[in-house]
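I opened the file to look at sheet order, helix packing and the chain contact. My notes follow the model.

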Amino acid sequence: MVELRSDALVLRSRDWREADRQITLLTRDAGKVTVLARGVKKSKSKFAALVEPLTLGRYLLHRGKAMDILIQGEIVKPYFSLHQDLLHYATAQYFCELVERSLPNNEPAVAIFILLVAALEILEKDANPARVARCFELSLIDELGFCPALEGCFYCGQQSGPYYFDFAHGAIVCGQCPRSQDSILISGAAVAVMKRFLKQGFHRLAICSVSATVNGEIGRVCAGVFRTSLGLAEIKSRSFLASIEKI
Amino acid sequence: MFYPEPIARVIEAFQKLPGVGPKTAQRLAFFVLSLPREEVVAMARAMVNARDKTRYCQSCGNFSDAETCFVCRDSRRDQSLLCVVQDPRDVLALERTREFKGLYHVLGGAISPIDGVGPDQLRIRELLARTGGGSFREVVLATNPNVEGEATALYIARILKPLGLRVTRIAHGLPVGGDLEYADEVTLSRAMEGRREF
Ligand SMILES: [Zn+2]
Ligand SMILES: [Zn+2]
């Protein structure tokens with residue numbers, strides 16, 4: 001019997017038949033896996049809390065052909081505080097959806113596991129979830145191999161903004177050089193913050209001030225990269241997040 | 001198939017029921033064949049009848065056989081107390097306790113953005129319309145004690161609070177008759193959090 005024992009985070013959890021749940025785990029050692037958790041909806045099940053979304057745990061799985069089966073596990077951290085504030089919860093869900101949809105099944109992705117756990121840790125403490133979200137988006141784009149070119153204009157090297165972010169090249173272009181139809185205006189300030197996020201990640205993020213305008217600009221660039229490079233046009237939890245930012 | 005076509009069709013139909021595999025479906029099918037004809041007809045009619053006659057209460061979203069359900073029709077219920085639940089089955093569960101004397105509002109699910117279930121997919125607009133009139137003094141949020149249920153409660157609290165309503169959440173606790181040492185850590189810490197004066 002092939003087993004997998006790994007730390008993992010529950011990205012998603014769905015009802016499956018009456019008493020079971022089907023969960024998507026991001027494991028440290030085997031990447032994204034789909035797991036059947038039998039009987040966890042019965043009130044006496046010890047595993048009910050273990051299969052809740054946003055739970056970090058240690059899992060023992062029996063590796064199946066179509067799906068893995070949960071044998072046992074223990075909770076490492078249930079990320080309580082992320083369930084207790086709507087904006088933090090929606091942001092965390094958004095991270096999980098991005099990861100779930102951008103990774104293939106059963107391909108090790110240690111760096112992304114570490115990135116996601118770090119993002120949730122920072123999110124728990126940060127009063128500004130939008131800032132954490134932009135930093136996470138850029139770091140994820142970088143890890144997936146689509147790091148944008150931000151060192152001056154793609155053609156002439158021009159060092160001062162404003163620029164256009166051209167999705168055809170995944171790079172910034174100045175106002176004088178040609179650009180494709182699929183490009184948006186971006187300020188020099190936003191480019192500077194993006195470079196900082198890419199270089200330092202979550203390190204000392206709390207002292208990095210990001211205005212709402214700059215945050216919006218970076219958000220639009222990342223959404224465009226997800227759309228063009230990863231084929232993620234509509235991200236459901238992103239729309240929900242946007243709707244609650246308004247109330 | 002080894003069975004005559006009519007029997008095979010019954011077996012196939014039973015397999016659509018939750019928790020029924022091919023073996024059980026076969027057993028049920030043969031049991032039905034052994035019953036007197038009238039009983040089989042009564043059984044089939046009862047199912048079709050329930051399917052045709054059951055609708056949702058226009059006011060609260062509960063199962064009903066008329067425009068409004070038995071709770072909404074009952075004038076002795078506390079008209080100023082509203083309990084929000086995910087599913088009509090939750091109404092039945094709460095009714096069995098005979099503890100709650102107010103009215104209900106059934107959402108039809110819980111918010112799960114990653115699965116594409118947002119406020120617009122649930123009966124939240126109807127809830128706002130109902131509570132906007134000012135006839136309720138308290139709204140009890142009785143969504144499930146899991147991540148989606150919790151998020152749904154947070155969302156509703158956020159949109160109802162500005163209306164000046166008292167919004168409460170049912171307590172999270174340990175199952176009666178259970179053992180402390182077998183409870184998972186999340187349930188235990190929630191129960192500890194919700195402790196009260198003795
Ligand atoms: Zn240029
Ligand atoms: Zn009703």
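Terms before entries: I call two residues in contact if their C-beta atoms, placed from the backbone, lie within 7 Å. Axes are lines fitted to C-alpha atoms, for helices over the stretch in contact, and angles run from 0 to 180 degrees between N-to-C directions. Helices (H or I, at least four residues) and strands (E, at least two) are DSSP runs, numbered from the N terminus.

The model is predicted: local features need pLDDT of at least 70, side-chain atom pairs count only at pLDDT 80 or more, and totals for chains, interfaces and linings use all residues. Residues are numbered from 1 along each chain as its sequence is written, while chains are lettered from A and ligands numbered from 1 in the order in which they are written.

**Entry 1: sheet of chain B**

I looked up the strand order. Chain B has an open sheet of four strands, S4-S3-S5-S6, with parallel pairing; two strands pair if DSSP finds at least two bridges between them. Strands S4 (103-106) and S6 (166-169) of chain B are at the edges with a single partner strand each, so one side of each lacks a neighbour in the sheet. Direction ignored, neighbouring strands are turned by 25° against each other on average.

Next I checked one pair. S3 (residues 81-85) and S5 (residues 138-141) of chain B pair in the parallel sense over four bridges. I found B:Leu81 opposite B:Glu138 in S5(B).

Which strands does helix H5 of chain B lie across? Helix H5 (residues 88-97) of chain B lies across S3 and S4 of chain B, at about 125° to S3(B).

**Entry 2: chain A**

Chain A is divided into domain 1 (3-78) and domain 2 (127-245); the bounds come from an automatic or database domain assignment. Their C-alpha centres lie 34 Å apart.

I then took one helix pair. The axes of H3 (residues 129-143) and H5 (residues 212-230) of chain A come within 10 Å and cross at roughly 35°. The contact residues include A:Arg134 and A:Leu138 of H3(A), and A:Ile218 and A:Cys222 of H5(A). By class, I get six nonpolar, two polar and three charged residues. Ala, Val, Leu, Ile, Met, Phe, Trp, Tyr, Cys and Pro count as nonpolar, Asp, Glu, Lys and Arg as charged, and the others, Gly among them, as polar.

**Entry 3: contact between the chains**

How many residues does each chain give? Chain B gives 21 residues and chain A gives 25. On the side of chain B, helix H7 (147-160) and helix H8 (185-193) are the elements that give two or more residues. H7(B) has the largest share, seven residues. I sorted this side of chain B by class: 11 nonpolar, five polar and five charged.
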